[in-house]
Amino acid sequence: ARLAILLSGRGSNMLALLEATKTGVLQGLAEVVVVFSNKPDAPGLTFAAEQGCPVASLPSQGRKREIFDAEAAALLQQYQPDLVVLAGYMRILSPAFIQPFAGRIINIHPADTHQHQGLHAYEWAFDNQLLETKITVHLVDEGLDTGPILAQQTVDLRGADTLAEVERRGLAVEHELYAEALRGLIMNYKL
Ligand code: GRF
């Protein structure tokens, strides 16, 4: 399957997925055909380029959402992705973006999307002193973290007494779960 990975920041999930395509559970099943960012200076974009991955960016700042989304979708379509994989892509997607890739956009959210949507999910788990939280991989629809759930995994937070520790444990689960969930999708739908 051809994966387009979209990010706005540091790109740790992107790197984990890239690694999985090279030597992990996605080996022989998926290739990253482009890493795209709405932030031309996103660290993740630099990391992807250093790994020899094709990269592309289009600044979203100051642009009208529908116009930016239509241009981003047109750019991505040139790479003919089977799946559009959001990995810290900090934008709510308008129909202009979703329609060309309907049912093929995947996101990872660092909480149970039934309990928490939007930003700061690890802070939320930490502030509420949760003993566990869930990482969710889901299909993207027009809402904020509302699409059908594809995979979830629990993160044990007992004894995690700093926000940094909550994030460390959560990200370790994210990095494994995302690749596993994509593997399941690719195999089920023969992508
Ligand atoms: C992750 O926690 C992901 O679940 C959320 O945004 C963060 C991105 O981190 N959607 P990274 O850029 O992959 O390191």
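Predicted model: local features only at pLDDT ≥ 70, side-chain atom pairs only at ≥ 80, totals over all residues.

User: Is glycine 28 buried or exposed, and why?

Analyst: Glycine 28 counts as exposed, because it has 7 C-beta neighbours inside 10 Å and the cut-off for exposed is 12 or fewer.

User: How many bridges join S2 to S3?

Analyst: There are 3 bridges between S2, which covers residues 31-37, and S3, and the two strands run parallel. Valine 35 stands opposite valine 55 in S3.

User: Is S1 enclosed or open to the outside, and why?

Analyst: S1 is largely enclosed by the rest of the structure, because 5 of its 6 residues are buried.

User: OK, on to the ligand. Which residues are closest?

Analyst: The closest are Gly9, Ser12, Asn13, Gly88 and Pro110, in a shell of 13 residues around the ligand. By class, that shell has 4 nonpolar, 7 polar and 2 charged residues.

User: Which elements each supply at least two residues of the shell?

Analyst: Helix H1 (12-23) and strand S5 (105-109) each do that.

User: Where does UniProt place the "binding site" feature?

Analyst: The unreviewed UniProt entry places a "binding site" at Gly11, Ser12 and Asn13. That record also gives the feature at Arg65, Met90, Arg91, Ile92, Leu93 and Asn107.

User: Take glycine 11. Where is it found, and is it buried or exposed?

Analyst: Glycine 11 is found in the loop between strand S1 (2-7) and H1. It counts as buried because it has 24 C-beta neighbours inside 10 Å. Apart from neighbours within four places in sequence, glycine 11 is in contact with Ala42, Pro43, Gly44, Phe47, Ala48, Ala87 and Gly88.

User: What about serine 12, and which residues is it in contact with?

Analyst: Serine 12 is in helix H1, and it is partly exposed because 17 other C-beta atoms lie within 10 Å. Setting aside neighbours within four places in sequence, serine 12 is in contact with Leu171 and His175.

User: And where do arginine 65 and methionine 90 sit?

Analyst: Arginine 65 lies in helix H3, residues 65-77. Methionine 90 is in the loop between strand S4 (83-86) and helix H4 (95-98). Arginine 65 has 14 C-beta neighbours inside 10 Å, so it counts as partly exposed. Methionine 90 has 15 inside 10 Å, so it counts as partly exposed too.

User: Backbone check now. What is phi of histidine 120?

Analyst: Phi of histidine 120 is near 60°, a positive value in a residue other than glycine. For context, most residues other than glycine have a negative phi. Histidine 120 is in the loop between S5 and helix H5 (121-127), and it counts as exposed because it has 12 C-beta neighbours inside 10 Å.

User: What about phi of glutamine 129?

Analyst: Glutamine 129 has a positive phi of about 50°, although it is not a glycine. It lies in the loop between H5 and strand S6 (132-139). With 9 C-beta neighbours inside 10 Å, glutamine 129 counts as exposed.

User: Last one: which domain does UniProt annotate for residues 2-182?

Analyst: The unreviewed entry gives "domain: Formyl transferase N-terminal" for residues 2-182. Over that stretch the chain is 35% helix and 23% strand, and the end C-alpha atoms are 11 Å apart.

Note on methods: Residues numbered from 1 in each chain as written. UniProt positions renumbered as here; feature names shortened; annotations may be inferred. Helix = DSSP H or I, 4+ residues; strand = E, 2+ residues; numbered from the N terminus. Near = placed C-beta within 6 Å. Nonpolar A, V, L, I, M, F, W, Y, C, P; charged D, E, K, R; others polar. Pairing = 2+ DSSP bridges. Buried ≥ 20, exposed ≤ 12 C-beta atoms within 10 Å, placed from the backbone. Contact = placed C-beta atoms within 7 Å.
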